[in-house]
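Subject: Structure handover and findings

Dear colleague,

Please find below the structure that I am handing over to you. My findings follow it.

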Amino acid sequence: MTSLDPTALPDPWHALHELLAAMDAEIEQVYVERGIEGVRPRFAYPLIRLAHTGPLTIRELAKSLNRSHSAISQTIAAMRKEGLVTSEPGPDARTRRIDLTERGRALVPFLEAEWRATHATVAELDREIPYPMTAVVEEVRRALERRPMRRRILHHLVEPPR
C-alpha cells in the first residue's frame, strides 16, 4: 500500500459520469410522464433496431449497435424482465434469438420520436455551449487514435517496487 489513497483525490471521470446519469434520468422521466414504466433509455437503441431488422441473435444485435456482447446481453436480460423482448433458442445451442413482444413493438413509435427529440436536444446544446460536446468527443477520439489511452497510462504509471 502506498502512503496516499489515490481515490481521495477528485475523480476526473466523476463529472462526466454524473452528467450522463443526469441526462439519462431526464430521458427516463419523459417516459414516466408518458406513463411508460420500466423502460430505461438504454433500451431504446436495441428496441428500435429490432423493430427495423426483425429477430436477431445477441451477437448480431451487439454488432449492429457497435456494443459489446456482454453489454447487450445484460440489456436484453433487463428488457426481457420488463416484458419488452422474447428470447428463443437460435440456430444452434449457443445462440438466442431476440424479438420484440407486443409491448416492445407498441413502444417503438414513441421511442423513435424520443430518439429524434434527444438528438435535436444534443444539437441545441452543441450550439449553446462554447465547446460543443460532440466536437469535444471527436477531438478526444482523434487524440486517442494518435496515442492510445493504454500508452498514455503506461507513460504515467509508476509501479510500486515488488
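What pattern does the chain follow when it is read along the sequence? The pattern is α-α-β-α-α-β-β-α-α-α, and the chain has seven helices and three strands. Please bear in mind that this is a predicted model.

**Overall dimensions**

The C-alpha trace spans about 55 × 45 × 30 Å along its principal axes. The radius of gyration of the chain is 20 Å, whereas a compact globule of 162 residues would have a value near 15 Å. Of the 162 residues, 22% count as buried. Among contacts with a separation of 6 or more, 44% are between residues 24 or more positions apart.

**The sheet**

The three strands form an open sheet in the order E1-E3-E2, with antiparallel pairing. Strand E1 (56–57) and strand E2 (85–89) each have a single partner strand and stand at the edges, so one side of each is left without a neighbour in the sheet.

E1 pairs with strand E3 (residues 96–100) over two bridges, in the antiparallel sense. Thr 57 has Arg 97 in E3 as its bridge partner. E2 and E3 also run antiparallel and are joined by five bridges; these two strands form a hairpin with six residues between them. On this side, Glu 88 stands opposite Arg 97 in E3.

Ser 87 lies in strand E2. Is Ser 87 buried or exposed? Its relative accessibility is 12%; the cut-off for buried is under 20%, and Ser 87 therefore counts as buried. Leaving out residues up to four places away in sequence, Ser 87 touches Arg 80, Arg 96, Arg 97 and Ile 98. Ser 87 and Ile 76 are 11 residues apart in sequence, and their C-alpha atoms are 8.6 Å apart in space.

In soluble globular proteins, nonpolar side chains tend to be buried together. The largest nonpolar core here has 24 residues, and those with the most contacts inside it are Val 39, Leu 47, Ile 76, Val 85 and Leu 111. At least two residues of this core come from each of helix H1 (14–33), helix H2 (41–53), helix H3 (58–65), helix H4 (69–81), E3 and helix H5 (102–128). H2 supplies the largest share, five residues.

Val 39 touches Glu 28, Tyr 31, Leu 84, Arg 103, Leu 107 and Leu 111, not counting residues up to four places away in sequence. The buried residues of H2 are Pro 41, Phe 43, Ala 44, Pro 46, Leu 47, Ile 48 and Leu 50. Just after H2, Gly 54 has a positive phi of about 85°.

**Helix H4**

How far apart are the end C-alpha atoms of H4? They are 18 Å apart, which agrees with the span of 18 Å that its 13 residues should have at 1.5 Å a residue.

The buried residues of H4 are Ile 72, Thr 75, Ile 76 and Met 79. These four cover an arc of only 105° around the axis, which puts them on the same side of H4. As background, an α-helix has 3.6 residues a turn, so residues three or four places apart point the same way. The buried residues of H4 pack against H2, H3, E2 and E3. The face of H4 turned away from the buried side carries the exposed residues Gln 74 and Lys 81. Just after H4, Gly 83 takes a positive phi of about 75°.

Asn 66 is found in the loop between H3 and H4. Most residues other than glycine have a negative phi. Asn 66 is not a glycine, yet its phi is positive, at about 60°. Is Asn 66 buried or exposed? With 68% relative accessibility, Asn 66 counts as exposed, because the cut-off for exposed is over 50%.

Yours sincerely,

A colleague

Key: Residues are numbered from 1 along each chain as its sequence is written. This is a predicted model: local features need pLDDT of at least 70, side-chain atom pairs count only at pLDDT 80 or more; totals for chains, interfaces and linings use all residues. Side-chain values use heavy atoms; hydrogens and water are left out. Two strands pair if DSSP finds at least two bridges between them. A nonpolar core is a set of buried Ala, Val, Leu, Ile, Met, Phe, Trp, Tyr and Cys residues joined through side-chain atoms within 4.5 Å. Buried means under 20% relative accessible area, exposed over 50%, partly exposed in between (1.4 Å probe, protein chains only). Contact means heavy atoms within 4.5 Å. The expected span of a helix is 1.5 Å times one less than its number of residues. The arc is that of the directions from the helix axis to the C-beta atoms. The radius of gyration is taken over C-alpha atoms; the globule rule is 2.2 Å times the number of residues to the power 0.38.
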